Amino acid sequence: MNSVNGNPHLSEDEVKQMSWDTIRDQHAWDNADWSRKSMAEAHAGVGQTWRDTTYDVEDALLDSMERSGALDPTMREAIDAEMKEMLDPSQETVAQAEQPRWGESR
């Protein structure tokens with residue numbers, strides 16, 4: 001019930017300590033921060049998420065093309081460097097993209 005209309009930041013233990021009435025009567029927008037700063041931070045976060053997602057998808061596509069022989073490794077490195085410059089993905093996304101995926105060996 002909390003996942004439908006409650007606070008997504010609460011832990012499972014915190015929710016278990018609440019009464020059903022409290023869970024039922026709460027709303028996802030309770031105590032929301034509608035300030036300009038909060039909105040700007042949220043907007044920046046969404047933008048970073050899209051850049052990270054784009055980088056991850058493109059990196060996987062380039063990996064696939066390189067493994068199949070359709071893309072030269074030197075060209076793949078150049079494209080990857082250009083994508084990093086253009087998209088500015090987070091370090092976590094780059095690190096995750098460099099990990100081997102199922103069915104591949106690096």
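Here is a walk through a few spots in this predicted model, starting with a pair of helices and ending at a pocket.

Let's begin with helices α4 and α5. Helix α4 covers residues 36-67 and helix α5 covers residues 73-87. A pair of packed helices is described by the angle between the two axes and the distance between them. Here the axes come within 11 Å and cross at roughly 175°. Since an angle over 145 degrees counts as roughly antiparallel, α4 is therefore roughly antiparallel to α5. On the α4 side, the contact is made by Arg51, Thr54, Tyr55, Glu58, Asp59, Leu62, Asp63 and Glu66.

Now follow the chain out of α5, into the loop between α5 and α6 (91-97), where you'll find Asp88. Asp88 isn't a glycine, yet its phi is positive, near 50°. Its relative accessible area is 53%, and because the cut-off for exposed is over 50%, Asp88 counts as exposed.

Pro89 sits in that loop between α5 and α6 too. Is Pro89 buried or exposed? With a relative accessible area of 8%, Pro89 is buried, because anything under 20% gets that label. What does Pro89 touch, once residues up to four places away in sequence are set aside? Its contacts are Gln48, Asp52, Tyr55, Met83, Lys84 and Val94. Tyr55, Met83 and Lys84 are also among the residues of the α4 and α5 contact. Pro89 is also 8.6 Å from Thr49, C-alpha to C-alpha, although 40 residues separate Pro89 and Thr49 in sequence.

Step on into helix α6 and you come to Thr93. Thr93 has 12% relative accessibility and counts as buried. Leaving out neighbours within four places in sequence, Thr93 is in contact with Asp52, Tyr55 and Asp56. Asp52 and Tyr55 are also on the list of residues that Pro89 touches.

Finally, turn to the largest pocket, which holds about 190 Å³ of space. Which residues line the largest pocket? One stretch of the lining is Gly6, Asn7, Pro8 and His9, and the others are Gln26, His27, Ala28, Asp30, Asn31 and Ala32. By type, the lining of the largest pocket divides into three nonpolar, six polar and one charged.

Technical notes
Residues are numbered from 1 along each chain as its sequence is written. This is a predicted model: local features need pLDDT of at least 70, side-chain atom pairs count only at pLDDT 80 or more; totals for chains, interfaces and linings use all residues. Side-chain values use heavy atoms; hydrogens and water are left out. Axes are lines fitted to C-alpha atoms, for helices over the stretch in contact, and angles run from 0 to 180 degrees between N-to-C directions. Helices (H or I, at least four residues) and strands (E, at least two) are DSSP runs, numbered from the N terminus. Angles under 35 degrees count as roughly parallel, over 145 as roughly antiparallel, 65 to 115 as roughly perpendicular and the rest as oblique. Contact means heavy atoms within 4.5 Å. On a 1 Å grid over the protein atoms alone, a cavity is a set of points where a 1.4 Å probe fits but cannot get out, and a pocket is an open set with protein on both sides within 12 Å along at least five of seven lines; lining residues have an atom within 4 Å of a point. Grid points are joined across faces, edges and corners, and a volume is the space filled by probe spheres set on the points. Ala, Val, Leu, Ile, Met, Phe, Trp, Tyr, Cys and Pro count as nonpolar, Asp, Glu, Lys and Arg as charged, and the others, Gly among them, as polar. Buried means under 20% relative accessible area, exposed over 50%, partly exposed in between (1.4 Å probe, protein chains only).
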